[in-house]
Amino acid sequence: MSDVDNNKALLRVADLHGWYGESHVLHGVNFHVNEGEVVTLLGRNGAGKTSTLLAIMGMLPKRRGSIIFNGTDVIAMQSRHIARLGIAICPEERGIFASLNVDENLMLPPRIQKGGMEVERIYDLFPNLKERRRSQGTKLSGGEQQMLAIARILRTGAKFLLLDEPTEGLAPVIVQQIGRTIGELKKEGFTIILVEQNFRFAASVADRHYVVEQGRVIDMIPNADLQDNMDKLHGYLGV
Amino acid sequence: MGQLLLGLINGAFYAILSLGLAVIFGLLNIINFAHGALYMAGAFVAWMLLNYVGIGYWPALILSPLIVGAFGILLERTMMSRLYKLDHLYGLLLTFGLALIIQGLFRNYYGISGLPYQIPSQLSGGQNLGFMFLPNYRGWVVVASVVVCFGTWFMIEKTRLGAYLRAATENPALVGAFGVNVPLLITLTYGFGVGLAGFAGVLAAPIYSVNPNMGADLIIVVFAVVVIGGMGSILGAIVTGYMLGIVEGLTRVFYPEGSAVVIFVIMAIVLLIKPEGLFGKEAR
């Protein structure tokens with residue numbers, strides 16, 4: 001299994017602790033992601049999945065431990081420098097800017113390295129966005145906003161994507177479209193951490209699943225073994 | 001008609017100053033009480049350039065805002081940047097204190113009687129428009145103000161740099177997470193905002209005498225303009241600035257006693273009916 005191959009991990013998170021003010025939300029998170037993998041963080045609300053993504057991106061106010069990305073420890077770096085290493089986030093609340101139109105939202109994140117997608121290709125992937133280029137960001141439907149939030153980080157050249165619940169609150173047909181997009185991205189060599197509540201969706205796109213509970217990673221399940229571990233997983237997620 | 005023009009000229013200053021305040025408030029969340037003092041400093045720098053270095057009006061129109069802007073950047077880097085995580089009130093107290101210090105310094109060295117500044121020779125004289133006499137310089141002030149305000153609006157609403165600014169106003173953490181240097185953007189924005197105040201100061205120097213209280217007299221009205229237009233709204237600041245200048249001028253014709261308070265009456269009414277201001281967005 002790829003998870004044994006520890007030395008080649010693109011991202012290695014070790015003993016990660018994190019705080020919001022006085023509130024201690026991450027209690028020693030350990031996991032790794034290999035290049036080209038799609039890995040999910042599964043867990044209940046408040047387990048620490050989003051906080052883990054924010055910590056990797058340098059957006060959690062206080063953090064300790066180590067986050068080695070491509071040989072660099074980013075634990076103490078500011079988020080704008082972390083972004084420059086080739087990591088990009090699609091936040092849970094989508095973060096579409098209301099005062100910017102679709103084009104401006106799409107063009108906002110600066111290109112940080114070569115190999116970012118061309119705008120035409122992005123509009124091929126998300127044809128609905130093209131029709132709405134001039135609309136204000138917040139006039140879009142929830143699905144369109146989600147696509148825009150994913151689309152705009154594809155332009156930057158970042159090859160490591162943090163996607164926080166991209167399917168939340170969306171219609172099944174849109175969830176399918178996002179699933180196909182993640183599949184395409186994987187084929188193109190992107191590495192992705194996906195935070196999900198919907199594990200049926202997670203199972204359709206991911207290589208491995210980490211289970212997060214009370215600010216720790218408590219288990220890892222390869223996607224191939226998912227069926228055999230269903231009972232355990234139901235227990236973890238309380239579904 | 002003359003009063004209308006006078007109102008328009010006041011409006012020109014209201015617009016530039018409230019625009020700077022709106023830009024600064026939008027991104028920094030600081031109510032820049034030092035704005036009036038920096039406007040005054042802009043006028044004084046122009047006066048100093050002329051009297052100490054022999055640099056005239058036209059170069060001063062560029063140089064003085066740059067000097068005031070650089071001074072603003074210094075203030076932002078050394079002091080204000082420490083306050084962003086705290087309540088608005090601290091920024092207000094700091095900038096209010098700075099305003100008093102700057103005014104006090106100029107009062108100490110130059111007194112309060114006011115220093116004369118000549119209208120540049122190219123703009124002396126005036127035009128007889130038939131129904132009124134328009135001094136050339138005053139016409140120039142209105143034109144310059146419209147150009148600067150429109151230019152700023154265009155830059156913020158229609159360019160890529162402006163898109164960064166608008167996005168950072170909404171969600172600075174996320175813009176930073178895309179790799180943009182938000183602290184630098186904030187510093188430059190403050191420098192630009194107070195540079196606008198310096199520019200207004202130079203424009204004002206030949207009309208009003210250059211004196212340490214010129215900013216304090218104006219800034220209260222400008223704050224009312226910003227509140228009426230809607231905190232942080234760029235277009236609101238510009239349009240409301242001109243509009244209230246004209247309203248004030250008209251009031252002086254029809255009911256002179258009311259001209260000093262009319263803007264504050266309008267502010268009270270707007271706050272009662274539409275608390276977010278005429279062009280403001282509803283608080284989210």
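## Helices α6(B) and α8(B)

In this predicted model, the axes of α6(B) and α8(B) cross at roughly 105°. Angles from 65 to 115 degrees count as roughly perpendicular, so α6(B) and α8(B) are roughly perpendicular to each other. Their axes come within 11 Å.

On the α6(B) side, the contact is made by B:Tyr164, B:Leu165 and B:Ala168. On the α8(B) side, B:Val182, B:Leu185 and B:Thr189 take part. Five residues of this contact are nonpolar and one is polar, with no charged residue.

## Helices α3(B) and α8(B)

Helix α8 of chain B, residues 182–204, also packs with helix α3 of chain B, residues 57–78. The axes of these two helices come within 7 Å and cross at roughly 140°. The helices α3(B) and α8(B) are therefore oblique to each other, and their crossing is right-handed.

The residues that α3(B) brings to the contact include B:Ala60, B:Leu61, B:Ser64, B:Pro65 and B:Leu66, as well as B:Glu76 and B:Arg77. Among those of α8(B) are B:Thr187, B:Tyr190, B:Gly191, B:Phe192 and B:Val194. By class, the contact of α3(B) with α8(B) holds 13 nonpolar, eight polar and two charged residues.

## Helices α1(B) and α5(B)

Helix α1 (residues 2–28) and helix α5 (residues 136–158) of chain B have axes that come within 9 Å and cross at roughly 30°. That angle makes α1(B) roughly parallel to α5(B). The crossing in which α1(B) passes α5(B) is left-handed.

From α1(B), the contact draws on B:Leu5, B:Leu8, B:Ile9, B:Ala12, B:Ala15, B:Ile16 and B:Leu19. From α5(B), the residues are B:Arg138, B:Val141, B:Val142, B:Ser145, B:Val148, B:Cys149 and B:Thr152. The contact of α1(B) with α5(B) divides by class into 11 nonpolar, two polar and one charged residues.

## Contact between chains A and B

Between the chains, 14 residues of chain B are in contact with 19 residues of chain A. On the side of chain B that touches chain A, α6 (160–170) and α7 (172–177) each supply at least two residues. The most comes from α6(B), with five residues. By class, this side of chain B has seven nonpolar, four polar and three charged residues.

## Overall form of chain A

Chain A has nine helices and 10 strands. Its radius of gyration is 17 Å, close to the 18 Å that the globule rule gives for 239 residues, so chain A is as compact as a globular protein of that length. The C-alpha trace of chain A spans about 45 × 40 × 35 Å along its principal axes.

Of the 239 residues of chain A, 46% count as buried. Taking contacts in chain A between residues at least 6 apart in sequence, 69% join residues at least 24 apart.

## A:Met117

In chain A, A:Met117 lies in the loop between α3 (102–107) and α4 (119–125). Is A:Met117 buried or partly exposed? A residue needs 20 or more other C-beta atoms within 10 Å to be buried; A:Met117 has 18 C-beta neighbours inside 10 Å and therefore counts as partly exposed.

Not counting residues up to four places away in sequence, A:Met117 touches A:Ile122, A:Leu154 and A:Arg155. The C-alpha atoms of A:Met117 and A:Arg155 are 4.7 Å apart in space, while the two residues are 38 residues apart in sequence.

Definitions and conventions
Residues are numbered from 1 along each chain as its sequence is written. Chains are lettered from A and ligands numbered from 1 in the order in which they are written. This is a predicted model: local features need pLDDT of at least 70, side-chain atom pairs count only at pLDDT 80 or more; totals for chains, interfaces and linings use all residues. Axes are lines fitted to C-alpha atoms, for helices over the stretch in contact, and angles run from 0 to 180 degrees between N-to-C directions. Helices (H or I, at least four residues) and strands (E, at least two) are DSSP runs, numbered from the N terminus. Angles under 35 degrees count as roughly parallel, over 145 as roughly antiparallel, 65 to 115 as roughly perpendicular and the rest as oblique. A crossing is left-handed if the near helix is turned anticlockwise from the far one by less than a right angle, and right-handed if clockwise. Two residues are in contact if their C-beta atoms, placed from the backbone, lie within 7 Å. Ala, Val, Leu, Ile, Met, Phe, Trp, Tyr, Cys and Pro count as nonpolar, Asp, Glu, Lys and Arg as charged, and the others, Gly among them, as polar. The radius of gyration is taken over C-alpha atoms; the globule rule is 2.2 Å times the number of residues to the power 0.38. A residue is buried if 20 or more other C-beta atoms lie within 10 Å of its own, exposed if 12 or fewer, and partly exposed in between; C-beta atoms are placed from the backbone.
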